[in-house]
Amino acid sequence: MDTTATGPTFRDATDADVDALVGLIESAYRGDSSRAGWTTEADILEGQRTDPEGVLQVIKSPDSRLLTVEQDGRIVACCQLEHRGRHAYFGMFAVSPALQGAGLGKVVIAQAERMAQEAWGVTEMHMTVISVRDDLIAWYERRGYRRTGEMTPFPYGDERFGIPQRDDLQFELLVKPLV
């Protein structure tokens, strides 16, 4: 019997993937299950990270794609790519907590950057990260992203983004040149 795992495969998400993707994203960021990985936001946000409507909106948007990563027949990671003129936006990034720290995230972000560049000819990738997430920001910096100091407010009071457990949350724009 061959027990070797197959490498990850990449494809665009479909409507049929919505529930699995919501489950993956929630497990990577919220609740006790997220504590198995290092990307948890459980100490700063409670409630939901996303919902089926938000995931479906990304899937259906003509300027977006929700890149889905499968391994051994399971969805194990995902990320949103959105074409915004000369740059692409990278978001909704999640890796299964059980697989975090094993290098899959590096593979996914590198593939996303290649795909955005090839599909849209963009010269930069942009993302926003909650500014108090120092470990996560440092991880992105090691991938070539730089902090801009450009902040946008956290949407306090909109529970679609979670229930903040502190009053100093904001998003910082990170940018990486792709050429």
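Predicted model: local features only at pLDDT ≥ 70, side-chain atom pairs only at ≥ 80, totals over all residues.
After helix 3 comes Gly121, which has a positive phi near 65°.

Nonpolar side chains tend to be buried together in soluble globular proteins. The largest nonpolar core of the model contains 43 residues. Val55, Leu66, Phe90, Phe93, Met125, Met127 and Tyr140 have the most contacts inside this core. At least two core residues come from each of the following elements: helix 1 (18-29), helix 2 (52-60), strand 3 (64-71), strand 4 (74-84), strand 5 (87-95), helix 3 (104-120), strand 6 (124-130) and helix 4 (134-142). The element that gives the most to the core is helix 1, with seven residues. The surroundings of Val55 were examined with its neighbours within four places in sequence left aside. On that basis, Val55 is in contact with Val18, Leu21, Val22, Ile25, Thr50, Leu66 and Met92.

Aromatic rings were considered next. A pair of aromatic rings is described by the distance of the centres and the angle of the planes. The model has seven aromatic pairs. In one of them, formed by Trp139 and Tyr140, the centres are 5.2 Å apart and the planes are at 75°, an edge-to-face arrangement. Both residues are buried: the relative accessible area of Trp139 is 10%, and the relative accessibility of Tyr140 is 4%. The pair of Phe154 and Phe171 is stacked, because the ring planes are at 25°, with the centres 5.5 Å apart. This pair links distant parts of the chain, as Phe154 and Phe171 are 17 residues apart. Phe154 is in the loop between strand 7 (146-153) and strand 8 (163-164), whereas Phe171 is in strand 9 (residues 170-177). Phe154 counts as buried, with a relative accessibility of 5%. Ring pairs also join Trp38, Phe90, Phe93, Trp139, Tyr140 and Tyr145 into a cluster.

Two arginine residues lie over aromatic rings. Arg84 is placed over the face of Tyr89, at 4.2 Å from the ring centre. Arg143 is placed over the face of Trp139, at 4.5 Å from the ring centre.

The backbone was also examined. Most residues other than glycine have a negative phi. Asp72, which is not a glycine, has a positive phi of about 50°. Asp72 is in the loop between strand 3 and strand 4, and its relative accessibility of 47% makes it partly exposed. Met92 is a residue other than glycine with a positive phi, near 50°. Met92 is placed in strand 5 and is in contact with Val55. Met92 counts as buried because its relative accessible area is 16%, under the limit of 20%.

Conventions. Residues numbered from 1 in each chain as written. Heavy atoms only, no water. Core = buried A, V, L, I, M, F, W, Y, C linked by side-chain atoms within 4.5 Å. Buried < 20%, exposed > 50% of the residue type's maximum accessible area, 1.4 Å probe, protein only. Helix = DSSP H or I, 4+ residues; strand = E, 2+ residues; numbered from the N terminus. Contact = heavy atoms within 4.5 Å. Phe/Tyr/Trp six-rings, centres within 6.5 Å; stacked < 30°, edge-to-face > 60°. Lys NZ or Arg CZ within 6 Å of the ring centre and 35° of its normal.
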